[in-house]
Amino acid sequence: PLLSSSSQPILLRYLLLYRYLCTQNKGTYLKEMTSEKIGSSMCLYLDWNPSATSITVGLSDGSVSIVSLLESKLEIQEEWKAHDFELWTTSFDIHQPNLVYTGSDDCKFSCWDLRDSPSNLVFQISKVHKMGVCCIEKSPHDPNSLLTGSYDEFLRVWDLRSISKPVNETSISLGGGVWRVKHHPFIPGLVLAACMHNGFAIVVIKGDKAEVHETYKKHDSLAYGADWQKGEANHRGGGTKPLIATCSFYDKLVRLWRPGNDIIL
């Protein structure tokens, strides 16, 4: 199933669950299955847990909600005030689904343990990001590696075994607010970033070093969304040019492209 927040103002407080259907008569279409009002604030971000049985939702008042999915029914399991301002991002730890990460316009990056009720604050980083935390992405290849992106234009690499500071304190500046990051599904250390006013960047991470491999600036609006093609299982190393999808904000544009240079790790 697909889950989204509606673009209609009154429904921005709801989660809507859709099923993707394909029939001979109607072709492919989305059918709404159920919805749930999350609160009086807008839903800004959501993430499924690895088993797709619950969703973490970030809200504009700084709260985070944990919503369960059982037999096509959405139900709020827990909600708490996690931050002081807009909660731009929240995600489950794909290796430890009892942990949830949150990032906010208050410049804080936090981790919560859902095994406690109310959820226990595992850690909170408040003095590293100079502006709001826009995205948090756990590496699918390394259970100890995690990335954060911020309005301060820096992509930061973290080791969860030593969380007090980033792996490289200077990290890497991408020249625009780092709104989204995506790890390549098969190639460790390869990251795609949407950098708002500075287009898109492919970043190679090796140990404590991160370098921009290539940039893409053919969008004329804010770089907001980016992802790799998931089906290219053969791209595991050597000279590769994986397929990438990127989208921009005001012009509502989606582009499909491949890197101009081979990616050799």
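## Three-stranded sheet

The strands β20, β21 and β22 form an open sheet in that order, with antiparallel pairing; strands are DSSP runs of E with at least two residues, numbered from the N terminus, and two of them pair if DSSP finds at least two bridges between them. From one strand to the next the twist averages 20°, where axes are lines fitted to C-alpha atoms and angles run from 0 to 180 degrees between N-to-C directions.

Strand β21 (residues 244-248) is joined to β22 by 4 bridges, and the two run antiparallel. Within this part of the sheet, C247 stands opposite V254 in β22.

## Basis of the values

This is a predicted model, in which local features need pLDDT of at least 70 and side-chain atom pairs count only at pLDDT 80 or more, while totals for chains, interfaces and linings use all residues. Residues are numbered from 1 along each chain as its sequence is written, and side-chain values use heavy atoms, with hydrogens and water left out.

## Four-stranded sheet

A further open sheet, of 4 strands, has the order β12-β13-β14-β15 and antiparallel pairing. Its edge strands, β12 (133-138) and β15 (172-173), each pair on one side only. Two strands of this sheet, β14 and β15, pair in the antiparallel sense over 2 bridges, and L155 stands opposite I172 in β15.

I172 is also one of the contacts of A210, a residue found in strand β19 (residues 209-216). Leaving aside neighbours within four places in sequence, A210 is in contact (heavy atoms within 4.5 Å) with I172, V203, V204 and I205. A210 counts as partly exposed, at 22% relative accessibility; buried means under 20% relative accessible area, exposed over 50%, and partly exposed in between, with a 1.4 Å probe and protein chains only. The C-alpha atoms of A210 and R258 are separated by 21 Å, the two residues being 48 apart along the chain.

## Nonpolar cores

A nonpolar core is a set of buried Ala, Val, Leu, Ile, Met, Phe, Trp, Tyr and Cys residues joined through side-chain atoms within 4.5 Å. The largest has 14 residues, of which L147, L155, L174, V178, V181 and V203 touch the most other members. At least two residues of this core come from each of β14 (154-159), β17 (190-194) and β18 (200-206), and β18 gives the most, with 3 residues. Apart from this core lies another, of 13 residues, including I187, L192, F200 and A226.

Beyond four places in sequence, the contacts of V178 include C134, C135, G149, S150, F154, L155 and A193.

## Aromatic pairs and a charge over a ring

There are 12 aromatic pairs, counted where rings of Phe, Tyr and Trp (its six-membered ring) have centres within 6.5 Å; planes under 30 degrees apart count as stacked, over 60 as edge-to-face and the rest as tilted. The rings of Y101 and F109 are a tilted pair, so classed because their planes stand at 35°, with centres 6.3 Å apart. F109 also pairs edge-to-face with F123, at 5.4 Å centre to centre and 75° between the planes. This second pair links distant parts of the chain, with F109 in strand β10 (residues 109-113) and F123 in strand β11 (residues 120-125), 14 residues apart. Both F109 and F123 are buried, and Y101 is buried as well, with a relative accessible area of 1%.

One aromatic cluster is formed by W88, Y151, W179, Y224, F249 and Y250. K26 lies over the face of Y29, at 5.2 Å from the ring centre; a charge sits over a ring if NZ of Lys or CZ of Arg is within 6 Å of the ring centre and within 35 degrees of the ring normal.
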